[in-house]
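Please keep the sequence and the 3D view at hand while reading.

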Amino acid sequence: MGALQSLSDEPEYRELAEKTGFSFEQIGILHKRFKQLSHNEDMLRRADLDTIPDLACNPIRTQIIEAFFDKRNFHQNGDGTVEEISFEEFLVVMSHFRPPALNMTEDQREKVRREKLRFLFNMHDTDNDGTITLEEYRHVVEELLSRSGALGKETAKGIADAAMLEVASISIGHMEPDEFYEGITFEHFLKILKDIEIETKMNIRFLNMDTTTLCK
Amino acid sequence: MSVHALRKSASSSFVFVGIGLPIEASAPAYQSHGTEGSHLTNITNTKKAFPVLAVNYEHVRKPFEIALWILLALLMKLGFHLIPRLSAVVPESCLLIVVGLLVGGLIKVIGEEPPVLDSQLFFLCLLPPIILDAGYFLPIRPFTENVGTILVFAVIGTLWNAFFMGGLLYALCQIESVGLSGVDLLACLLFGSIVSAVDPVAVLAVFEEIHINELVHILVFGESLLNDAVTVVLYNLFEEFSKVGTVTVLDVFLGVVCFFVVSLGGVLVGAIYGFLAAFTSRFTSHTRVIEPLFVFLYSYMAYLSSEMFHLSGIMALIACGVVMRPYVEANISHKSYTTIKYFLKMWSSVSETLIFIFLGVSTVAGPHAWNWTFVITTVILCLVSRVLGVIGLTFIINKFRIVKLTKKDQFIVAYGGLRGAIAFSLGYLLSNSHQMRNLFLTAIITVIFFTVFVQGMTIRPLVELLAVKKKKESKPSINEEIHTEFLDHLLTGVEGVCGHYGHYHWKEKLNRFNKTYVKRWLIAGENFKEPELIAFYRKMELKQAIMMVESGQLPSVLPSTISMQNIQPRAIPRVSKKREEEIRRILRANLQNNKQKMRSRSYSRHTLFDADEEDDVSEVRLRKTKMEMERRMSHYLTVPANRESPRPGVRRVRFESDNQVFSADSFPTVHFEQPSPPSTPDAVSLEEEVPKRPSLKADIEGPRGNASDNHQGELDYQRLARCLSDPGPNKDKEDDDPFMSC
């Protein structure tokens with residue numbers, strides 16, 4: 001494949017590498033992919049991602065695509081959504097899926113864990129009010145089960161309700177009957193998912209990506 | 001007739017000589033079995049008195065001895081667990097070997113010949129249950145995530161061990177002072193290949209007790225299972241060569257080809273039998289009683305078939321178990337599932353116990369040839385080669401892994417490489433023409449003793465000392481399950497965006513293939529359409545419901561008072577606070593079970609799941625408690641309200657189907673009737689109090705104050721109970737027993 005980046009990109013890549021933690025090689029490969037998806041333009045749109053055939057049969061594709069256009073994932077303290085993203089923002093979203101380095105301290109691992117869980121949280125919390133309400137959670141489960149037809153809706157409600165109950169029980173423990181559990185906050189979310197070692201699970205191998213096998 | 005003569009006449013291929021009773025009196029003149037015919041000449045002519053009591057030990061000798069041995073083994077096992085401090089310090093395998101030594105010594109003192117662990121008995125009867133148990137309950141997710149690492153350790157690690165040890169031992173034998181100059185290279189390599197393989201039985205026995213974290217456990221355990229192919233090939237190869245004496249390049253090439261044939265062939269045979277078993281289980285809905293037998297027999301046939309072709313039997317068993325499990329479990333009834341689980345645990349437990357005891361006995365029995373240098377060098381080399389192998393391989397593997405193996409992990413993997421009975425049996429199988437056979441056997445036994453005793457006993461304190469991560473005792477959590485599935489889809493999607501055909505991409509493809517084509521053929525009824533999340537949810541609810549029914553109380557995994565009321569958005573009717581408090585207090589007193597039931601998801605050898613406390617509850621007490629609770633609930637739910645259905649303002653949890661439990665169209669749904677603006681402010685929404693989780697399917701009709709409703713409530717309760725007695729995927733006609741019998 002030869003030289004993956006021209007010299008003129010070097011300083012840019014360096015900045016990106018520092019910001020996101022990817023290596024030059026990985027950035028080069030992702031840049032190629034970005035260009036391929038956006039048909040060589042500078043900005044990527046939702047429609048471009050919609051055309052990826054692999055995503056067609058994914059039950060949560062809308063959420064995945066939305067995540068790329070969600071400002072909260074750009075690490076710039078913004079919120080809301082955008083219509084199109086640049087390569088830098090694309091890279092920042094992708095950086096959520098980088099594996100943690102081998103020699104991380106416990107604090108650093110914790111930070112990585114929070115970051116990844118924050119990404120997941122943002123995917124669920126669509127109205128950006130800082131909590132995942134019952135409706136939002138139901139929507140998540142419905143999407144997951146969206147393949148099973150009519151059966152899915154009823155069970156999805158039941159499952160989501162059971163899950164919500166579990167979160168409330170674990171996080172709060174004791175509530176009076178007239179208290180109302182508003183929704184899952186980020187702290188509660190961290191608590192219930194602390195046993196899934198997210199920093200080891202939510203990773204994609206960015207090494208050894210041969211550009212010749214990039215699917216259309 | 002001497003004891004020896006009798007033994008010969010009653011012999012078969014077993015070299016199984018037991019503690020025979022010295023009495024061999026046979027009934028005079030009435031012995032009917034033909035084998036002794038030659039001794040009985042005075043049968044009919046003289047009339048003797050009718051023998052009222054006679055002893056005929058020969059008649060039952062073999063089964064009697066076998067049963068006696070097994071009983072002895074189990075009593076020993078029982079004994080260990082009664083001495084609490086002992087079993088905490090010394091792993092069971094060590095204790096059993098010591099018992100074997102004692103028994104062997106005892107037999108020798110009596111003057112008989114102690115039995116040796118016959119290889120045929122071992123490979124055909126004692127080993128398969130353990131491997132099937134391991135394979136059937138193999139945790140698939142960690143296994144497939146680490147399969148690359150496991151294969152590298154199993155294949156390359158074992159090869160490295162074999163050649164390193166064989167080579168160095170040969171070099172040792174060349175030294176004049178050792179006095180073993182007659183040993184040639186091939187014999188040393190043969191010995192190396194026998195003793196280099198990590199043994200699944202020993203690993204299981206020791207690792208079961210230390211509860212190490214999942215990753216290390218699956219690495220060592222997976223390695224011990226998959227190295228069987230390597231061991232088989234190497235062993236056969238060197239055995240053949242050492243007879244011939246020379247090795248050509250062609251032979252080596254054939255050896256490599258043989259390795260692939262043995263391993264892949266074994267897996268293929270296992271997979272075929274697995275699919276057959278899955279297909280058969282599709283039709284067993286009318287004969288549930290024999291379902292477990294199909295599982296056992298198909299697996300055993302897979303093992304025997306592959307052994308017949310000299311393929312790897314262990315890999316066949318594992319493949320069979322892994323392949324058939326998801327489909328069989330979707331088809332069989334709950335009781336059959338429990339039966340399979342229990343039987344596998346039971347058989348593997350007995351096998352393991354017997355193996356270790358026999359190891360001890362064989363040590364006393366076998367012919368030994370001791371050579372200090374050779375044996376000590378073997379032990380040291382074993383350790384050294386294992387450590388070097390693990391370190392070297394991890395260095396290479398870590399370049400390809402996302403989650404790297406830390407030094408602690410490496411240490412446990414290296415230290416956990418125990419040798420066991422397979423090595424001994426392979427050594428025993430060596431034909432007597434090998435002049436070094438006895439020496440080899442002695443060395444093998446020494447290595448086994450060393451690894452099991454020293455490494456087995458010290459691994460637990462070392463794990464504590466090094467603060468290695470232990471296994472998480474996690475309750476099945478629906479949130480984790482949802483998010484695991486969510487993550488799978490998310491990662492597949494992101495891989496799609498990256499344009500990278502990675503791990504998740506192929507996994508997703510396999511899943512889709514499985515769902516569209518395979519499941520259709522192998523799963524009965526309409527169940528194959530059911531997504532995993534729903535199946536998981538169902539299982540969880542079923543477990544809870546059974547627990548509730550059996551213990552007479554509602555389970556609350558988490559002691560909390562949170563109910564659906566707290567989560568649903570507002571507009572809930574209110575009763576006077578005082579009344580509510582009173583009702584809740586009473587209900588809580590009856591219903592709340594504050595014991596936290598910790599259930600670990602994995603199946604350890606000694607406990608299945610902690611609801612074995614069902615033994616504590618006797619039938620009568622159960623029934624009484626249930627009725628009592630039911631009565632009280634109905635009694636206190638007497639708040640006047642407009643009884644109309646659907647009742648506005650009251651949220652009811654309804655049980656959808658009664659007898660037809662869990663057939664695919666009507667699996668239990670949970671209905672939540674949303675409250676319209678409450679017109680009956682007095683209606684007590686008490687159903688929420690009763691089920692701590694909304695999914696508790698008790699059709700406990702709410703506020704009704706009359707006796708008939710009381711009865712109705714009870715009826716519903718019983719209906720619920722009956723339904724839960726055997727919720728197979730299809731209606732079970734034969735399981736009409738009331739729930740008590742389960």
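B:Arg141 is partly exposed, with 34% relative accessible area; residues count as buried under 20%, exposed over 50% and partly exposed in between, using a 1.4 Å probe and the protein chains only. The model is predicted: local features need pLDDT of at least 70 and side-chain atom pairs count only at pLDDT 80 or more, whereas totals for chains, interfaces and linings use all residues. Residues are numbered from 1 along each chain as its sequence is written, chains are lettered from A and ligands numbered from 1 in the order in which they are written, and side-chain values use heavy atoms, with hydrogens and water left out.

The side chain of B:Arg141 meets that of B:Asp488 in a salt bridge, at 2.9 Å from N to O; the term requires a side-chain nitrogen of Lys or Arg within 4 Å of a carboxyl oxygen of Asp or Glu. Because B:Asp488 lies in helix H19 (residues 478-498) of chain B and B:Arg141 in helix H6 (residues 140-145) of chain B, the pair ties together parts that are 347 residues apart in sequence. Helices (H or I, at least four residues) and strands (E, at least two) are DSSP runs numbered from the N terminus. B:Asp488 counts as buried, at 17% relative accessibility.

Over all chains, the structure has 20 salt bridges. In chain A, A:Glu84 pairs with A:Arg45, their closest N and O atoms being 3.2 Å apart. This pair links distant parts of the chain, with A:Glu84 in strand E2 (residues 84-85) of chain A and A:Arg45 in strand E1 (residues 44-45) of chain A, 39 residues apart. A:Glu84 is partly exposed at 31% relative accessibility, and A:Arg45 is partly exposed at 35%. A salt-bridge network links A:Glu41, A:Arg45 and A:Glu84.

Turning to the interior, 54% of the 742 residues in chain B are buried. This chain has 25 helices and zero strands. The largest nonpolar core has 138 residues, of which B:Phe122, B:Leu127 and B:Phe207 touch the most other members; such a core is a set of buried Ala, Val, Leu, Ile, Met, Phe, Trp, Tyr and Cys residues joined through side-chain atoms within 4.5 Å. H10(B) supplies the largest share of this core, 17 residues. Also in helix H10 (residues 214-244) of chain B is B:Thr231, which is buried at 3% relative accessible area. Residues up to four places away in sequence aside, B:Thr231 touches B:Ser193, B:Ala197 and B:Leu426, where contact means heavy atoms within 4.5 Å.

Aromatic rings form 26 pairs over all chains. Rings of Phe, Tyr and Trp (its six-membered ring) pair if their centres lie within 6.5 Å, and planes under 30 degrees apart count as stacked, over 60 as edge-to-face and the rest as tilted. The rings of B:Phe191 and B:Phe374 have centres 5.5 Å apart and planes at 45°, so this pair is tilted. Both B:Phe191 and B:Phe374 are buried.

What remains is the surface. B:Trp160, B:Trp370, B:Trp372, B:Ile376, B:Ile380, B:Leu383, B:Val384 and B:Leu388 make a nonpolar patch of about 780 Å². Patches consist of residues with over 30% relative accessible area and no salt bridge, like charges being joined within 9 Å and nonpolar side chains (Val, Leu, Ile, Met, Phe, Trp, Tyr) within 5 Å; accessible areas come from the Shrake-Rupley method with a 1.4 Å probe, and for residues only the protein chains shown count as cover. Helix H15 (residues 372-397) of chain B gives the most to the patch, with six residues.
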